[in-house]
Structures are given as C-alpha cells and as structure tokens.
Amino acid sequence: MMPNWSNSRHATLVCAAAIVWVALTSSPASTQQFEVKPIAEKKIQQLPPGPLFWRVYNFPTLDDAKAAAGPTGLAAEADGKAWLFTLGAKGGSSPAGAKPVAEIGPVPSISAPEYLLRIVSSRGPPGAKTPIHTHPGSETFYVLSGELSQRSPQGMSRVEAGRSMPGHGPGMPMEVSSSGSSDLRALVMFVLDATRPFSSPAKLPESADEAPPATQQAEAVKTVTARDMVGSWLLESDISTTPDGRELLPFGPTPRGIAMFNSDARFAIVLSRPDLPRFASDNRMRGTAEENEAVVHGSFAFFGTYSVADGIIIQHIEGGTWPGWVGTDQKRTITSFVKDEQTWTTVPSFGGRSELHWSRTK
C-alpha cells in the first residue's frame, strides 16, 4: 500500500515507478515479470560521514515511522507493515516505539553533486529476473520471503528470507532474480547519484554471463550425496569478495581449517588464522580486550546436522562460536567435486561471495 503522498510527490513516484518498470521488466528475453516499485524517496545534498549503514525498523503505524524519520530517514508501508529506513553510522539507539529489524552495511561509497535515497519494493515468482543493468550508486537488499540472487562479474550472491545483503557500488553490471521455490518479496535500499538515470542497460563479461550454479554444474556435482561428503576435509583456501569488489582473506593467506562429516549426518567445522596471539596470561579466561578481539575475528567454529541435494549442502547449525547462526540453516553451493577435492561458495555475513577449497585427508 502506498503512503498518502501530496499530489506532486505522488506524481513523482508514479512516474519513477513507470520508468523502473520499463527499465527492469521490458526485456523481450524475460518470460516472467520482476516487479520493481518505488515506495519512498528523498533527495539530499550531503551524505552523513561514512562508513554508512542502513538501519531498518518496524513501527505500529506509518505516522509513527514518519515522526521518527530524520534527515536521512524514509518511512513507507510494505507487506502490511510500517517501515523506517535510516542511513547513517553503525550502531546507535533505536527510535522510541521502533522494533529493530536489520542493520546492513557498510554501504559502498559514492560521490555525487546530489543524492537520491530510494526504497523499492521488489517481487517476482520463481525464475523471474531483471535484465542486466547498472545503477549510479549502491543497492542494499532485505528479503521478506523467497530467495533473491544477484549475478555480477563478481559471481553469484544469494540471500534468503529474513536476511540482508549489501549490494555493489556504482556502475556494476548485474542481474537480480527470484531464485527460490516460492515467490520473492524484498525491500531494496538505494543511495544514488540524483543527477543520473536510475537504471541503465548493461552487459556482463562473457565469463560471468552464464547460467546460475544450479544449472551449470557438472553431472558429478549435481549428483554429490551426503555419502560422498563423509570424512575429514582440510581447508586449502578461503577467499572472499566484498560487494564492492574487494578481495578479503578472512583467515589469512594460509588459513587453517577442518570440516568433518559423519555418516550419521552430523558435521563440525573449525576455521582459524595461523597467527592467533598467545595470551600473555596463558589463561583463556583472562585475555585482554585486544587478545579477545583477535581470537573472535580470527577463528570460527560451528556444528550440527547436514544434508546434500542438487549440489547444495544444507547445514543446520546447533551450536558454535557465532550465536547468530544457532538454529538456522546455512547453504553452501558445491561448484567443484573431483576425487578428493571440492570447492564451495557461500554468501558471508558482510555480503558478496566466499569461496572455500577443501582436500580430503589421507
């Protein structure tokens, strides 16, 4: 449901919606429509000091959300709820009456004479996708239902219902699709150069312009089963690519890690940097703030149950060092499985793409 705009404001958004609809759903090759509908926007002359994050809230009513919106806040109704989206520094206190939903970022940086903040409601049935396009700024996703995929020269990124993902920076060619088994509904937050068109047609490089992993995998990958996973696997490499194209090595250039998969469908994974500091106290309960931070950032462990189907490992997390994962299902896409070597890709917590290569222990 659209907010009760003034006539001029309503006309502006209707026009914008028509432009976006034509830009993102008129591809003759697209057989299913991907709906993109602006629900709130404002222009500002200056962005807050960075790095910037989108903070998302629910309010009892739209009027409550509007009352709490500051210079970089946008209030809107979507999916039967009142929302407030604010752009600013990470953290901070929540507005009175607000229910925090997500904090997403950092948002890729942008410099422009004038900025457009826009919130878009996107939806589409399974298989619906946009034409390949670019934006003069960044986009950030929060998925309400279904699964959203974004294909770019950086690879394929996926995000499921209840989760979020920062997008790429200005000028990145991309294709967004509804990749789950149910209808996609998502909210998309934009920070754009207001002096340029919202969306422009683009092409992906030939190496990236391929079908998604689920349809391009070799037969050996498609038919991998839980039985094939059984055993112990040593981590050979872990390379992440951020949404703005930067390469990260979360556990250093020579990471340590082991993944153990049992025949009873249970697994455990431990990852760490080789250069974790020794505590000066020689007591893990008495680490300094710096020592504790280094260990938290440089190690990760979790365990639970697993299943494998159609080249996807689904790990149900029962416990681990990151409480945010406990009770959730984490998906890993197998992109290669040859003899005693395999490679997975996944979407890390900061968005983008991570690729992990493993070798079976002898």
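Modeller: A salt bridge needs a side-chain nitrogen of Lys or Arg within 4 Å of a carboxyl oxygen of Asp or Glu. Keep in mind that this is a predicted model.

Biologist: What makes Arg 118 and Glu 41 a salt bridge?

Modeller: The closest N and O atoms of Arg 118 and Glu 41 are 2.7 Å apart. The cut-off is 4 Å. The pair therefore meets the rule. Arg 118 sits in strand β6 and Glu 41 in strand β1, so the bridge ties parts that are 77 residues apart in sequence.

Biologist: Why is Arg 118 called buried?

Modeller: Its relative accessibility is 6%. Buried means under 20%. Arg 118 therefore counts as buried. Glu 41, at 8%, counts as buried too.

Biologist: How do you know that Glu 103 and Arg 55 form a salt bridge?

Modeller: The closest N and O atoms of Glu 103 and Arg 55 are 3.3 Å apart. With the limit at 4 Å, the pair therefore qualifies. Glu 103 lies in strand β5 and Arg 55 in strand β2, 48 residues apart, and the pair links distant parts of the chain.

Biologist: Is Glu 103 buried, partly exposed or exposed, and what decides it?

Modeller: Glu 103 has a relative accessible area of 33%. Arg 55, at 14%, counts as buried.

Biologist: What does the bridge between Arg 360 and Asp 340 tie together?

Modeller: Their side chains meet at 3.0 Å, N to O. Arg 360 belongs to strand β23 and Asp 340 to the loop between β21 and β22, so the pair joins parts that are 20 residues apart in sequence. Arg 360, at 21% relative accessibility, counts as partly exposed. Asp 340 has 27% and counts as partly exposed as well.

Biologist: How many salt bridges does the rule give, and which residues form a network?

Modeller: The count comes to 12. Lys 129, Arg 151 and Glu 175 are linked in a network.

Biologist: Where does Arg 151 stand in the strand pairing?

Modeller: Arg 151 stands opposite Met 156 in β10. Strands β9 (residues 147-152) and β10 pair in the antiparallel sense over six bridges. Two strands count as paired at two bridges or more, so β9 and β10 pass.

Biologist: Why are β10 and β12 called edge strands?

Modeller: The open sheet of three strands runs β10-β9-β12, with antiparallel pairing. Strands β10 (155-160) and β12 (175-178) each pair on one side only. The twist averages 20 degrees from one strand to the next.

Biologist: What makes up the largest nonpolar core?

Modeller: This core has 25 residues, and those with the most contacts inside it are Leu 47 and Trp 54. Strands β1, β2, β3, β4, β5, β6 and β13 each supply at least two of its residues. Another core, of 23 residues, lies apart from it and includes Val 224, Leu 235, Phe 251 and Trp 325.

Biologist: How many helices and strands does the chain have, and what share of its residues is buried?

Modeller: The chain has six helices and 23 strands. Of its 362 residues, 45% count as buried. Among contacts between residues at least 6 apart in sequence, 69% join residues at least 24 apart. The accessible surface comes to about 17,700 Å², and 53% of that belongs to carbon and sulfur atoms.

Note on methods. Residues numbered from 1 in each chain as written. Predicted model: local features only at pLDDT ≥ 70, side-chain atom pairs only at ≥ 80, totals over all residues. Heavy atoms only, no water. Helix = DSSP H or I, 4+ residues; strand = E, 2+ residues; numbered from the N terminus. Axes fitted to C-alpha atoms, helices over the stretch in contact; angles between N-to-C directions. Core = buried A, V, L, I, M, F, W, Y, C linked by side-chain atoms within 4.5 Å. Buried < 20%, exposed > 50% of the residue type's maximum accessible area, 1.4 Å probe, protein only. Contact = heavy atoms within 4.5 Å. Areas by Shrake-Rupley, 256 points an atom, 1.4 Å probe, with all protein chains shown as cover.
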